[in-house]
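Hi there,

I am passing a structure on to you, with some notes to read beside it. Have a look at it first, then come back to the text below.

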Amino acid sequence: MKQIDLRSDTVTKPSAEMLEAMVKAPVGDDVYGEDPTINKLETLAAKMLGTQDAIFCTSGTQSNLLALLVHCERGDEYIVGQLAHTYRYEGGGAAVFGSIQPQPLDFEPDGTLSLEKVSQFIKPDDFHFANTSLLCLENTQAGKVLPLEYLKEARKFTIDKGLMLHLDGARIFNAAVKLKVDVKEITKYFDTISCCLSKGLGAPVGSVLCGSRDQIKKARRWRKVLGGGMRQAGILAAAGIFALSNNIQRLKKDHENALALAQGLSEIDGIHIDVEMVQTNILFADITADMGSLCDLLQKKGIIIGKNNHLRIVTHLDISKEDIDHTIKAFKEFFG
Ligand SMILES: *Cc1c(COP(=O)(O)O)cnc(C)c1O
């Protein structure tokens, strides 16, 4: 039976074509800069995102951490969303490895950080305070796409305030596809951008950090320090090249599937979904039911979801429209 795993877009398996590209990839020692496939991926990512350079990373967590270490010195501070992945879900790496202090602020309902609030939390140039040096945004944020107009304001704001601007763009291509713009229309406002290859793009492993030549040079040093010098990892980079070359425009299908699922589930008494909020491949549902019994029934039908009553569902390239229909039917059966 096919497994319909809706917990995350990280669960995708490499396709036969992607595996073939991996098997055929020429490799070398990347710590010597000699892996042609990694070099090709880094050149491609930099070109696509419109930056001078890029570096292949083990994960989005590593890629974001490298950015923080590039922008902040010991005793610096960065301003970030209270629920941002970088702050909340990365083990406090900025503090652990960089002695960097976070200043978390609540996200606005649209996934932005209010620049007026950010402005109030920038510390004065006085030795009582940490030195605020970076603003970190997330796009998509819980599936929401940040408006381009906001990004433009954020760029101007950070220049005025003398801050650097980093984007956790784990799902930046979902944002670009949703807005129907070239991804550079988003990335052009940022100093550095982290982008996951292992989410909706379908690669098994890896992220890229994009930025200026000097920033990426500094990131390369930190990546080695963190144990991220990966030698013949061109096998993995080949999956990333395949993903960037083949799996971007199809993200539209994931968005359509998420919306169809949201619409179907919203008809059920006992499930509350704000369908209007479903912009890309992530939806949230509040479920009044015993999650244990719901998960059991779904599992018998090959459907895997999380066990939280505030449920996050994510669509991805291993989920078809038929899987969505099958899932809506299974939920309807449970709720009667
Ligand atoms: C997944 C994710 C990351 C990086 O996660 P890894 O599992 O370390 O690759 C970063 N930011 C956001 C918003 C994410 O969803």
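Let's start with a loop: Thr140 is found between strand E5 (131–138) and helix H7 (148–161). The peptide bond that joins Asn139 to Thr140 is cis, with omega at about 5 degrees. Please keep in mind that this is a predicted model.

Another loop, the one between helix H5 (93–98) and strand E4 (101–105), holds Ser99. Ser99 is not a glycine, yet its phi is positive, near 50 degrees. As background for both spots, most residues other than glycine have a negative phi, and most peptide bonds are trans.

Now for the ligand. Where does the ligand sit? You will find it in the largest pocket. The residues around the ligand are Ser59, Gly60, Thr61, Asn64, His85, Glu90, Glu138, Asp168, Ala170, Arg171, Cys196 and Lys199. Sorted by type, this shell has five charged, five polar and two nonpolar residues. Helix H3 (residues 60–71) contributes the most to the shell, with three residues.

- Thr61: an N or O atom of the side chain is 2.6 Å from an oxygen atom of the ligand.
- Asp168: a polar atom of the side chain lies 2.6 Å from a nitrogen atom of the ligand.
- Lys199: a polar atom of the side chain lies 2.8 Å from an oxygen atom of the ligand.

On its own, the ligand has 380 Å² of accessible area, and the protein covers 81% of that.

Last come the charged pairs. Side chains of opposite charge can pair when their charged atoms come close. How many salt bridges does the structure hold? The count is 19. One to look up is between Asp9 and Arg171, where the closest N and O atoms are 2.8 Å apart. This pair links distant parts of the chain, as the two residues are 162 residues apart. Asp9 is in the loop between strand E1 (4–5) and helix H1 (16–24), while Arg171 is in the loop between strand E6 (164–168) and helix H8 (172–179). Arg171 is also one of the residues around the ligand.

Enjoy exploring!

Notes
Residues numbered from 1 in each chain as written. Predicted model: local features only at pLDDT ≥ 70, side-chain atom pairs only at ≥ 80, totals over all residues. Heavy atoms only, no water. Near = heavy atom within 4 Å. Polar contact = N/O pair within 3.5 Å; in protein donor to acceptor, adjacent residues only side chain to side chain. Areas by Shrake-Rupley, 256 points an atom, 1.4 Å probe, with all protein chains shown as cover. 1 Å grid on protein atoms, 1.4 Å probe; cavity = no way out; pocket = protein on both sides within 12 Å on 5 of 7 lines; lining within 4 Å. Sits in = over half its atoms within 2 Å of the grid points. Helix = DSSP H or I, 4+ residues; strand = E, 2+ residues; numbered from the N terminus. Nonpolar A, V, L, I, M, F, W, Y, C, P; charged D, E, K, R; others polar. Salt bridge = Lys/Arg side-chain N within 4 Å of Asp/Glu carboxyl O.
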